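Please look over the sequence and the structure below before reading the report.

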Amino acid sequence: MTVDEHVAALSAALHGPARAKERMLTEVRDGLADATDALADAGLPADAAARRAVRDFGTVEDVAPSFQHELTIAQARRTALFAALSAPVLLLCWQVAGADGGVLSHTARLVGGVAAAAALLCAGCLAATGAWARRLPVPRALPRTVAWAGTTAGAALGVSGVALTVTCVLAANAPLAALIAVLTLASHAKVASSARACRHCARLA
């Protein structure tokens, strides 16, 4: 197997944030190229040097789990960041909900509270995988926790946004309804898609 074939097979086996994955594969490709050059300088033909470098590096089955673990942590941090950043959107929703005492606004505040709790949990997980994690091991269950907290935050954001939008429409405040709908739908899309990717990575790690 050539270096490019090995890197392509490794790429197909890994899942996670695109930039982190590309950076990881670039490091692998550069490392294998350096190893190939060193073996060629030692007297091996180029093709044999490349095959030897790939063999010494390890098969995809051998090396993929450790790379996938790193990508899963990166995806968990990405999901936690998106969920934590949804908190300002929720504060805006609560501000709007406070202006009306109807059932829909109470529903929005209740569901928004669930989303806020999930966002705070994600913020804690984000801190746990940050600078402190360089000296402490990351709990194995943390990516799965972030994945489901993000899923909860995304779903609650969607429900809360719909309830508040309907509330504003009934109150004949169309501009505010449109603003909340855009903000909550954008936040919901970001958090939900990242949480879905995080669940997939957590199953692989």
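## Basis of the model

This is a predicted model, in which local features need pLDDT of at least 70 and side-chain atom pairs count only at pLDDT 80 or more, while totals for chains, interfaces and linings use all residues. Residues are numbered from 1 along each chain as its sequence is written, and side-chain values use heavy atoms, with hydrogens and water left out.

## Helix H1 against helix H2

Helix H1 (residues 3-13) packs with helix H2 (residues 18-41) at an angle of about 155°, their axes being 10 Å apart. That makes H1 roughly antiparallel to H2, a term for angles over 145 degrees. Contact, meaning heavy atoms within 4.5 Å, is made by Val3, Asp4, His6, Val7, Leu10 and Ser11 of H1 with Lys21, Leu25, Val28, Arg29, Leu32 and Thr36 of H2.

## Helix H1 against helix H4

From H1, His6, Ala9, Leu10 and Ala13 meet Val60, Val63, Ala64, Phe67 and Gln68 of H4.

## Threonine 72

Threonine 72 lies in helix H4, which spans residues 60-85. With 0% relative accessibility, threonine 72 counts as buried (under 20% relative accessible area, with a 1.4 Å probe and protein chains only). The side chain of threonine 72 reaches the backbone oxygen of cysteine 201 at 3.3 Å.

Conventions:
Axes are lines fitted to C-alpha atoms, for helices over the stretch in contact, and angles run from 0 to 180 degrees between N-to-C directions. Helices (H or I, at least four residues) and strands (E, at least two) are DSSP runs, numbered from the N terminus. Angles under 35 degrees count as roughly parallel, over 145 as roughly antiparallel, 65 to 115 as roughly perpendicular and the rest as oblique. Buried means under 20% relative accessible area, exposed over 50%, partly exposed in between (1.4 Å probe, protein chains only). A polar contact is a pair of N or O atoms within 3.5 Å; within protein, one must be able to donate a hydrogen and the other to accept it, and residues adjacent in sequence count only if both atoms are side-chain atoms.
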